[in-house]
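Please look through the sequence and the model below before reading on.

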Amino acid sequence: MIRLALVSLLALAAPAFAQEDLKIDQTKIYVSDATACGMIEDKGIEAFMDLDFLALDFSKGIQSMEFQCNFFDVKSREGSTHLFIDAICELPGEIYPDILAVTPYSETEIQVASSADIMWAMNYKPDDAESADAMVPSGTTIYTRCDNLSEITVD
């Protein structure tokens, strides 16, 4: 009986160990649209003119044509794959503080949850058709790592 309980506990813990193997490479640039990786490689900063996407660089923050989020503190904890980020974000005519939670989503993707975006999403009530299509929780964005762009800056 005790062996069965131990085996059951180990089986439940196995998926958690597999998730811990995923790492966030903070030296790379991540984009909200995977197509942007090739466009940045070909056009540099001009890629923002042709495609609406967000670019995340852990040393600087998140940027797009009319939005930026400057990172002030990127925190990690030993034994955790999650990151906690303090940021100040700006839209034309607006500035606000934000807190971001970042976690691996796959081998090449990260999920970024914004406290400000989550609050805005709570106030916005999409109809059932829109919410049924959502693949990630409201207020979160999936970013794809651009492995060949670590030397290109996005600002």
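Which hand does the link of Cys37 and Cys146 have? The link is left-handed, with -85 degrees about the S-S bond. The model is a predicted one, in which local features need pLDDT of at least 70 and side-chain atom pairs count only at pLDDT 80 or more, while totals for chains, interfaces and linings use all residues. Residues are numbered from 1 along each chain as its sequence is written, and side-chain values use heavy atoms, with hydrogens and water left out.

A disulfide here is a pair of cysteine sulfur atoms within 2.5 Å. By this rule the count comes to two disulfides. One of them joins Cys37 to Cys146, with 1.9 Å from S to S. Cys37 lies in helix α2 and Cys146 in strand β8, so this pair ties together parts that are 109 residues apart in sequence. Helices (H or I, at least four residues) and strands (E, at least two) are DSSP runs, numbered from the N terminus. Both Cys37 and Cys146 are buried, where buried means under 20% relative accessible area, exposed means over 50%, and partly exposed is in between (1.4 Å probe, protein chains only).

The other disulfide joins Cys69 to Cys89, with an S to S distance of 1.7 Å. Cys69 belongs to strand β4 and Cys89 to strand β5, so the parts tied together are 20 residues apart in sequence. Cys69 and Cys89 are both buried. With bonded cysteines counted along the chain, the disulfides follow the pattern 1-4, 2-3.

Next comes the overall build. The secondary structure comes to five helices and eight strands. From the N terminus on, the order of the elements is α-β-α-α-β-β-β-β-β-β-α-α-β. The protein has 155 residues, of which 33% count as buried. A contact means heavy atoms within 4.5 Å. Among contacts between residues at least 6 apart in sequence, 47% join residues at least 24 apart.

Helix α2 spans residues 35-43, and its buried residues are Ala36, Cys37, Met39 and Ile40. What covers these residues includes β1 (29-31), α3 (47-50) and β8 (140-146). Gly44 follows α2 and has a positive phi, near 65 degrees.

Where does the nonpolar interior lie? A nonpolar core is a set of buried Ala, Val, Leu, Ile, Met, Phe, Trp, Tyr and Cys residues joined through side-chain atoms within 4.5 Å. The largest such core has 19 residues, and the ones that touch the most other members are Leu56, Phe58, Ile62, Phe71, Val102 and Ile110. Strands β4 (68-76), β5 (83-91), β6 (94-104) and β7 (109-114) each supply at least two residues of this core. The largest share, four residues, comes from β5. Not counting residues up to four places away in sequence, Phe58 touches Ile24, Asp25, Gln26, Lys28, Tyr30, Phe71, Val74, Leu83, Ile85, Val102 and Ile110. A second, separate core has twelve residues, including Val31, Phe48, Leu51 and Phe53.

The surface is the last topic. Accessible areas come from the Shrake-Rupley method with a 1.4 Å probe, and for residues only the protein chains shown count as cover. The protein exposes about 9900 Å², and carbon and sulfur atoms supply 58% of that area. Phe72, Ile88 and Ile95 form a nonpolar patch on the surface, with about 330 Å² of accessible area together. Patches are made of residues with over 30% relative accessible area and no salt bridge; like charges are joined within 9 Å, and nonpolar side chains (Val, Leu, Ile, Met, Phe, Trp, Tyr) within 5 Å. Ile88 is found in strand β5 and counts as partly exposed at 32% relative accessibility.

Side chains of opposite charge can pair when their charged atoms come close. A salt bridge is a side-chain nitrogen of Lys or Arg within 4 Å of a carboxyl oxygen of Asp or Glu. A search of the whole structure finds four salt bridges. One of them pairs Asp50 with Lys43, the closest N and O atoms being 2.3 Å apart. Asp50 is partly exposed at 45% relative accessible area, and Lys43 is partly exposed at 42%. Another pairs Lys60 with Asp57, with 3.8 Å between the closest N and O atoms. Lys60 counts as partly exposed at 24%, whereas Asp57 is buried at 8%. The side chains of Arg145 and Asp147 also meet in a salt bridge, 2.4 Å from N to O. Arg145 is buried, with a relative accessible area of 17%, while Asp147 is partly exposed at 42%.
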